[in-house]
Amino acid sequence: MKVAVVGATGLVGTKMLQVLTERNFPVTELIPVASEKSVGKEVTFKGKPYKVVNADTAISMKPDVALFSAGGSTSLEWAPKFAAAGITVIDNSSAWRMDPTKKLVVPEINGKTLTPEDKIIANPNCSTIQMVLVLNPLHQQYKINRVVVSTYQSVTGTGVKAVNQLMNERKGINGEMAYPYPIDLNVIPQIDVFLDNGYTKEEMKMVKETTKIMGDDTIRVTATTVRIPVIGGHSESVNVAFDKEFELKEIRNILANTPGVIVVDDPANQKYPMPKDAHEKDEVFVGRIRRDETQPNTLNMWIVADNLRKGAATNAVQIAEYLHQQKWI
Ligand code: 2RA
């Protein structure tokens, strides 16, 4: 299968190439696509060099599927052109996520809603994916009423410029800033831009994408998203109020049997998920599972995942795998 990766030289694009290789996705030809300044550069995939091309050239090469991770404006401009040429687009930007005509997909949750007619498929936001993967099986059992989430997000979510900012600050080098403030030895309670309601765009992504993916707009979500000086993955403190009563043992059991979720919850031995351990893993890790003792039917959890993997590249490749299994690409 001919696979185009649009934004192939970025952090997520590079991870997509790695995940396609690891999962042995049947790529017969890779078409790396990037902005004009990267055209002509070489990208190595499965030991073979491939020349970076622009989006126009990529369309003329007729890929079967295109994985996009090149930002919202590139997706808005180019995804429809790829789709019009019959190429299925899996888009990691926020451009199409809330478009009612587009599916927002976490394969384990709503992959089955896809049809061969879906030519632009949206990949959700990283902090949303790891949360819904844990919430969904609990919602099936106990019906979620309200979620309060606070995130502790890795600088890799911003991109290579932010990783460089953190590393430069550690070495005492004055370099380019990705954030308006130092990130090392600091915490920044702002991810993406502020909206009129006082929340950030990242916070509202968690609110809106959760109900769209889980297909239930009665679930109330409120979020505070925070950038921390970490590289391995995003962490989340999640408080969930259910309609029905639960037993902690049952919750652990459900999560332990959820594909893609690993329970790490052994306080007696100081075992809980951490970004250092989630780094380079495709699974979502959950621990610190305990009752919120201030009100009935309410649970606290700590959820960690590598945001570049299940939060971005792995989820996109899993969507492609599903389409391939259905023989739609
Ligand atoms: C972040 N959620 O971590 C974003 C990346 N999509 O900044």
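In the packing of helix H5 against helix H10, Cys126, Ile129 and Gln130 of H5 meet Lys310, Gly311, Ala312 and Asn315 of H10, where two residues are in contact if their C-beta atoms, placed from the backbone, lie within 7 Å. By class, this contact of H5 with H10 has three nonpolar, three polar and one charged residues; Ala, Val, Leu, Ile, Met, Phe, Trp, Tyr, Cys and Pro count as nonpolar, Asp, Glu, Lys and Arg as charged, and the others, Gly among them, as polar. The model is a predicted one, in which local features need pLDDT of at least 70 and side-chain atom pairs count only at pLDDT 80 or more, whereas totals for chains, interfaces and linings use all residues. Residues are numbered from 1 along each chain as its sequence is written.

H5 (residues 126–142) packs on H10 at an angle of about 85 degrees, with the axes 8 Å apart, the axes being lines fitted to C-alpha atoms, for helices over the stretch in contact, and angles running from 0 to 180 degrees between N-to-C directions. H5 is therefore roughly perpendicular to H10, given that angles under 35 degrees count as roughly parallel, over 145 as roughly antiparallel, 65 to 115 as roughly perpendicular and the rest as oblique.

H5 also packs with helix H7 (residues 201–214), at an angle of about 40 degrees and with the axes 10 Å apart, so that H5 is oblique to H7. The crossing of H5 and H7 is right-handed (a crossing is left-handed if the near helix is turned anticlockwise from the far one by less than a right angle, and right-handed if clockwise). Residues of H5 in this contact include Ser127, Met131 and Leu135, while those of H7 include Glu202, Met206 and Ile213.

Around the ligand lie Asn125, Cys126, Ser127, Gln153, Gly157, Thr158, Ile191, Glu202 and Asn307, a residue being near a molecule or strand if its C-beta atom, placed from the backbone, lies within 6 Å of it. This shell divides into two nonpolar, six polar and one charged residues.

Overall, the chain contains 10 helices and 13 strands, and its C-alpha atoms fill a box of roughly 60 × 50 × 40 Å, taken along the principal axes. Helices (H or I, at least four residues) and strands (E, at least two) are DSSP runs, numbered from the N terminus.
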